[in-house]
Amino acid sequence: MGKSAVLIVGGTGYLGKRLVKASLEQGHETYVLHRPEIGVDIERVQMLLSFKEQGARLVSGSLNDHRSLVNAVKLADVVICAISGVHIRSHQILLQLKLVDAIKEAGNVKRFLPSEFGTDPARMKDAMEPGRVTFDDKMTVRKAIEAAGIPFTYVSANCFAGYFLGGLCQPGKILPSKEHVLFLGDGNQKAIYVDEDDIAMYTIKSIDDPRTLNKTLYIRPPKNILSQREVVEIWEKLIGKELLKSSISKEEFLGTMKSKDYAEQVGLTHYYHVCYEGCLTNFEIGTQGEEASKLYPEVEYTSVEEYLKRYL
Ligand SMILES: NC(=O)c1ccc[n+]([C@@H]2O[C@H](COP(=O)([O-])OP(=O)(O)OC[C@H]3O[C@@H](n4cnc5c(N)ncnc54)[C@H](OP(=O)(O)O)[C@@H]3O)[C@@H](O)[C@H]2O)c1
């Protein structure tokens, strides 16, 4: 059986550009949706042209133009969406309902991977306001996919390393300090950190794999399941120095959150569930999911130590 042709929607994004690269590297015919709305955004256009140079095919189409979307979808066996879903940047998760309509009408798609790539929203029914909007919207998209009978894989990628390791798990920081760190609570809750290129690589590996059909793929590289304290220890070893440490209790964290704007509050809620409640590691995967590093043991994923070395 040949490799599936892939259409990537949101291919110009932080994760999307990595999906394009991984899809090409793994030998898939790769289409990238180019939406006319980007107008004269020269950086986006240059990025799209660089994809083309690497072998991708650009397809013009818009989420606001159903016909163009159906035509784009018809070119591919697998559709992957990486549309924005981080409030401090942009949050367009529900726009995917238009893509679901197009996939349903086109009728040829063997698998759809919606824009998820984080905490499993199905496990976040009791999540806090206002951050629960991310999980609620992703669940709305899941329901539409399943109601339309579209085959799927959901990817739960846990923490993007750039956000979480870059800031030593401190919200609002994406560069590691050589002086000080603030622990969220006792800093002992385990989370899971994944290099964004590895997320893309595992995602593409899963698209033609019958074991991940209609399942959730959890990316849990075993060496990268660590607490904030353990991450900080690795950083301290790398810089050869101990950081000054303080901590913020759950109550204080929730108290200070109230004075922030909406987009920041959404992000802080996510940190709360990960770092105080351990929502990424407090469950077994079960029969409706698969774990990426077990399915693809040949992959040499990036460890936390290797990732942090790039900040030296
Ligand atoms: N687990 C984690 O730590 C973590 C961290 C970050 C993100 N995520 C998740 O990863 C996914 C992708 O996020 P990201 O940060 O990579 O996204 P992003 O870079 O903010 O944006 C991705 C894409 O969204 C597209 N887009 C924005 N508005 C659009 C619109 N109105 N119509 C069509 N396309 C539009 C952009 O296309 P144009 O270039 O055409 O504008 C861009 O290519 C989301 O589901 C997010 O929740 C998880």
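Lys17, Arg35, Arg44 and Arg89 come together on the surface as a patch of positive charge. Patches like this are built from residues with over 30% relative accessible area and no salt bridge, like charges being joined within 9 Å and nonpolar side chains (Val, Leu, Ile, Met, Phe, Trp, Tyr) within 5 Å. Lys and Arg count as positive and Asp and Glu as negative, while His and the chain ends are not counted. Each charge is placed at NZ of Lys, CZ of Arg, CG of Asp or CD of Glu. Accessible areas come from the Shrake-Rupley method with a 1.4 Å probe, and for residues only the protein chains shown count as cover.

A word on the model itself: it is predicted, so local features need pLDDT of at least 70 and side-chain atom pairs count only at pLDDT 80 or more, whereas totals for chains, interfaces and linings use all residues. Residues are numbered from 1 along each chain as its sequence is written, and side-chain values use heavy atoms, with hydrogens and water left out.

Helices (H or I, at least four residues) and strands (E, at least two) are DSSP runs, numbered from the N terminus. With a relative accessible area of 33%, lysine 17 is partly exposed; buried means under 20%, exposed over 50%, and partly exposed in between (1.4 Å probe, protein chains only).

Now to the salt bridges, of which the structure holds 15. Each is a side-chain nitrogen of Lys or Arg within 4 Å of a carboxyl oxygen of Asp or Glu. Three of them are set out here.

| Pair | Closest N to O distance |
|---|---|
| Lysine 21 and glutamate 25 | 4.0 Å |
| Lysine 205 and glutamate 298 | 3.0 Å |

Lysine 21 and glutamate 25 are about one helical turn apart, because four residues separate them in helix 1. Lysine 21 is partly exposed at 37%, and glutamate 25 is exposed at 60%.

Aspartate 195 is buried, at 5% relative accessibility.

Lysine 205 and glutamate 298 also form a salt bridge. Lysine 205 lies in helix 7 and glutamate 298 in the loop between helix 11 (292-295) and helix 12, so this pair ties together parts 93 residues apart in sequence. Lysine 205 is partly exposed at 26%, while glutamate 298 is exposed at 51%. Elsewhere, salt bridges with shared partners join Arg18, Lys21, Glu25 and Asp197 into one network.

What about the cysteines? Taking a disulfide as a pair of cysteine sulfur atoms within 2.5 Å, the count is zero. Cysteine 159 is in no disulfide, and its nearest cysteine sulfur, that of cysteine 275, is 6.8 Å away. Cysteine 159 is buried, at 2% relative accessibility.

Finally, the backbone. Most residues other than glycine have a negative phi, and most peptide bonds are trans. Phenylalanine 117, however, has a positive phi near 60° and is buried at 4% relative accessibility. Leucine 168 has a positive phi near 50° and is buried at 0%. The peptide bond from glutamate 129 to proline 130 is cis, with omega near -5°. Proline 130 is in the loop between strand 7 (111-113) and helix 5 (132-147).
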